[in-house]
Amino acid sequence: MKIVIARDYEDLSRTAADIVLGEMLHDRRVNMALTAGASPAGAYGIVTERLRGNPGAFSDVHFYNFDEVPLAGRERGVTLSALYEHLYGPGGVPDTNIHPLTVANHASVARELHGNGGLDLMLIGLGADGHFCGNMPYATRFDQEIYTYELKDSYPWYEDALRLLPDPAEVPSHVVTMGAAMLAKVRRLVLIVSGAAKAEALAGMLEREISTDFPATILRTHPNLVVVADREAASRLG
C-alpha cells in the first residue's frame, strides 16, 4: 500500500487525474471502474480536458460504473447520471466505450469484464461511515464480485441514502455494486479521501479490524492500493 498526502483538494485532484490518465495511455484495451460523488469531481474535470483535447489517444479506454442506485422510470440511475454529467458527457466518451452496470445485468457485466482482461483500475472514494461505493455497513458481501441487495429502512444509513436521490419518492427496491472479490482482482486500486470529515474514516480503514460493519477495512488487503488523501483527511494518521 502506498499513501500519498496531497497539500489540498486541488493537489489531490491533480494527483488522482495523473494516475487515471497514465493508466489510460496503455497501448491496448483499458478497463476502468470509476465512482461518482464529490471526491473525484475535481480529478474528472482535469481528465475531461485531456479527453476532449485528444480523443483518439483514449479510444481503447472502456468505462464501468462501480455501483448503481436505479431510479424508477429513468434509463440512468444515480451513479451513471453523475458520471455522464462530470466525465462521460464533458469528455465526449462514446457510448460504445461505456458499459453500464445495472441490477438486471450484473451477471453479464462480470462475464464481459473477465472476457476482456479484467479491470485495470478502480477509482473509489470513502464514506464517513466506512462505506465505499455501494458496499455499505451491514449490507456488504466480501465474497461477491458483483452483487445486489435489498434497500431496507432498517439500515442505519438508509435516511442518508435517500437524500442522494433526485426525488425521495423514487426509492429503489435494490442496489447493485461491485464487491471485494472483484476489487481483489483489479490491477490497481486508487482510494481518494478529502476533508477533515473523512479523517476518522481513513484512520478506521487503516486501523480497525476487517469487518463488514466498516467495509472499507477490506481495502487494505489489496496488493496494489494507492491512497491519495489531502492533509485534512490524513490528520488522524500517525
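**Pockets, rings and a buried loop residue**

Biologist: How do the residues lining the second largest pocket divide by class?

Modeller: Ala, Val, Leu, Ile, Met, Phe, Trp, Tyr, Cys and Pro go down as nonpolar, Asp, Glu, Lys and Arg as charged, and the others, Gly among them, as polar. By that scheme, the lining of the second largest pocket comes out as two polar, five charged and eight nonpolar residues.

Biologist: What pLDDT do local features need in this predicted model?

Modeller: Bookkeeping: residues are numbered from 1 along each chain as its sequence is written, and side-chain values use heavy atoms, with hydrogens and water left out. The model is predicted, so to speak with care: totals for chains, interfaces and linings use all residues, side-chain atom pairs count only at pLDDT 80 or more, and local features need pLDDT of at least 70.

Biologist: What volume does the largest pocket have?

Modeller: A pocket here is an open set of points on a 1 Å grid where a 1.4 Å probe fits, with protein on both sides within 12 Å along at least five of seven lines; lining residues have an atom within 4 Å of a point. The largest pocket is lined by 38 residues, with A36, G37, H131, C133 and L164 nearest its centre. Its volume, the space filled by probe spheres set on the points, is about 1000 Å³.

Biologist: Which helix gives the largest share of that lining?

Modeller: At least two lining residues each come from α2 (41-53), α3 (78-91) and α5 (158-162); helices are DSSP runs of H or I with at least four residues, strands runs of E with at least two. By class, the lining of the largest pocket has 22 nonpolar, 10 polar and six charged residues. The largest share, five residues, comes from α3.

Biologist: And which residues are closest to the centre of the second largest pocket?

Modeller: The second largest pocket holds about 210 Å³ of space. Of the 15 residues lining it, the closest to its centre are E75, R76, L80, P100 and T102.

Biologist: Back to G37: how far apart are its C-alpha atom and that of C133?

Modeller: G37 sits in the loop between β2 (30-34) and α2. With a relative accessible area of 46%, G37 is partly exposed (under 20% is buried, over 50% exposed, using a 1.4 Å probe and protein chains only). C133 is 96 residues away along the chain, yet the C-alpha separation is 9.0 Å.

Biologist: How do the rings of Y84 and Y88 pair up?

Modeller: There are six aromatic pairs (ring centres within 6.5 Å; planes under 30 degrees apart are stacked, over 60 edge-to-face, the rest tilted). Y84 and Y88 are four residues apart in helix α3, so about one helical turn separates them. Y84 is buried at 15% relative accessibility, and Y88 at 2%. Their ring centres lie 5.3 Å apart with planes at 90°, so the pair is edge-to-face.

Biologist: Which residues do ring pairs link into a cluster?

Modeller: Y149 and W157 are both buried. The ring pairs join up Y147, Y149, Y155 and W157.

Biologist: Is T217 buried or exposed?

Modeller: T217 lies in the loop between α7 (199-207) and β10 (225-230). Beyond four places in sequence, T217 touches G204, M205, R208, E209, I210 and S211, with contact meaning heavy atoms within 4.5 Å. Its relative accessibility is 0%, so T217 counts as buried.
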